[in-house]
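The entries follow the order in which I looked things up.

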Amino acid sequence: MKNETGLRIMTAEGELRGNMDDDLFVFRGIPYAAPPVGALRWRPPQPVTPWQGVRDATAFSAAGWQNRTYCQAVGGGDPGEFSEDALYLNVWTPDVEPSRPLPVMVWLHGGGFTLGAGGLAPYSGKPLASRGAVVVTLNYRLGHLGFFSHPALDAEYPAGGTVNNFGLLDQIAALQWVQRNIPAFGGDRRNVTLFGESSGARSVLSLCCSPLAEGLFHKGIVQSAYSLPDTPQKTARQQGVAVARHLGLPPDASAADLRALPADAFWPLEGALSIPPVPIAGDAVLPEPMLRTFLTAKQHRLPLMAGSNSDEASVLDYFGVDATAVLQQLRAKNRLLYRSLKWLYDIHDDRLLGRAVARDMAFSLVPWLVMRAQHQAGMPGWRYWFDYVSEHARDLYLHGTWHGNEVPYALNTLSQIPEPSDGRPFSEADRAFAERVSEYWFNFARDATEYKHQLAGEVTWPAWHPGDDVTMSLGEGGQNSISLRKNFMRARMRLFRLLMSRMVKL
């Protein structure tokens with residue numbers, strides 16, 4: 001009877017009907033903002049119109065317009081139907097009437113701000129909800145529909161109030177929905193963890209810097225964020241003009257002209273017309289570049305966990321970056337730096353050295369910078385390094401854990417996703433390791449506060465401090481060990497901090 005009662009929940013916008021997944025309550029396709037279509041395209045998300053009666057919440061919504069083939073290859077699976085009307089979220093909860101409110105975990109999917117959806121199998125909230133969290137996943141505007149500047153659109157705002165990061169503003173609207181409604185699902189609105197991977201992790205960092213997001217979440221987990229600088233607003237505006245011209249609009253195109261373009265006209269754009277996998281710096285959502293904010297320790301004061309994987313350079317391969325060529329260019333320009341890198345890494349094969357340097361400059365550096373910023377702000381931070389490879393695939397992943405491969409371990413979703421089609425199924429050892437890793441994610445969400453300086457787990461995880469410089473190693477050499485490492489990559493990180501202006505670009 002309790003289960004039947006829990007399948008219907010009244011929110012601020014209206015009543016929802018969900019369903020059960022084993023002993024969990026699941027609500028899918030909940031609107032958190034009005035459809036951003038027609039006159040609402042390229043505008044801040046607007047409130048949902050309340051509904052009468054009971055709204056069905058048993059199916060995932062459509063995903064934003066994107067490249068299906070790319071999403072299937074690197075974005076987590078088939079995103080299903082596409083629509084510009086995609087601002088919906090999903091909730092998994094173990095108890096709608098707990099004895100005490102449950103920790104809330106809000107997941108932001110990755111995909112370079114152009115791919116992905118909250119309903120993809122690797123992001124299922126079921127395992128973490130089974131541990132005792134209320135888990136929320138969501139869609140946000142992608143590509144040019146989510147990150148765009150054009151003189152005609154920017155002129156609609158007062159000075160200093162321009163909005164270009166519509167996708168980030170969608171994420172903020174979803175967090176506002178959480179603050180309004182999550183107690184009805186058993187969640188604690190005062191204990192919200194925002195976590196994400198890749199561009200989802202960049203989103204977490206960006207919202208840590210956004211004045212519009214302050215107070216809406218209380219801690220963050222940053223998985224494989226990259227160091228590519230945010231796009232300056234001026235550059236984004238120039239690209240917006242070029243995109244409009246490419247799509248057949250005149251130089252003096254109006255906002256109405258732009259909004260009349262078909263929603264599916266933007267995602268196929270490539271090269272200089274495609275958006276880079278970063279937000280736009282200089283609007284009301286992100287007034288200053290994220291990296292600059294963290295380098296000056298002016299981020300919101302809240303606990304953060306941040307880390308990266310042992311073979312993040314795998315994503316550079318996908319984007320066509322030749323790490324060996326980058327290293328050889330560096331060698332030609334600065335032989336002293338080249339020799340210093342060979343000494344630091346003790347790698348004498350340019351192909352392998354280039355891969356390692358590209359990985360560290362583009363990915364390993366960010367968690368270290370975030371930890372420094374946390375220490376300077378007087379906030380705890382926890383740094384991890386993920387180096388586990390599925391037991392039956394270690395002969396394929398010769399350099400370590402690929403970009404994104406930690407997600408089903410951190411979220412413990414190996415049993416939620418289809419078995420690999422290459423005849424290399426996940427093993428019981430893989431699933432056991434996922435249980436061990438995801439415990440840290442859940443414990444962070446449940447326990448981390450600004451006053452907490454260690455996390456519980458099979459190995460107690462101390463907060464990062466420049467004197468100790470302790471990193472949690474989740475796996476080592478592809479194997480399933482969990483251990484603490486002191487001064488991990490310390491000399492490299494100090495060097496790359498000095499080379500920020502020469503960052504590897506995707």
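Entry 1, a helix pair. I worked from a predicted model. I looked up helix α12 (residues 323–333) against α14 and found that their axes come within 8 Å and cross at roughly 95°. Since angles of 65 to 115 degrees count as roughly perpendicular, I recorded α12 as roughly perpendicular to α14.

I then listed the residues that make this contact. From α12 I noted A323, T324, L327, Q328 and R331, and from α14 D350, R351, L353, G354, R355 and A358. Sorted by class, the contact of α12 with α14 has four nonpolar, three polar and four charged residues.

Entry 2, the sheet. I traced an open sheet of ten strands with mixed pairing, in the order β3-β4-β6-β8-β7-β9-β10-β13-β14-β17. Which strands stand at the edges? I found β3 (19–21) and β17 (470–486) there; each has a single partner strand, so one side of each is left without a neighbour in the sheet. From one strand to the next, I noted an average twist of 20°.

I checked β7 (residues 102–108) with β8 (residues 134–138) and found parallel pairing over four bridges. Within β8, V136 is the residue opposite V106.

I located helix α7 (residues 199–207) across β7, β9 (187–197) and β10 (219–223), and it runs at about 130° to β9. Helix α14 (residues 350–377) also packs on the sheet, where it touches β13 (304–309) and β14 (381–388). I recorded an angle of about 165° between the directions of α14 and β13.

How values were computed
Residues numbered from 1 in each chain as written. Predicted model: local features only at pLDDT ≥ 70, side-chain atom pairs only at ≥ 80, totals over all residues. Heavy atoms only, no water. Pairing = 2+ DSSP bridges. Axes fitted to C-alpha atoms, helices over the stretch in contact; angles between N-to-C directions. Contact = heavy atoms within 4.5 Å. Parallel < 35°, antiparallel > 145°, perpendicular 65-115°, else oblique. Nonpolar A, V, L, I, M, F, W, Y, C, P; charged D, E, K, R; others polar.
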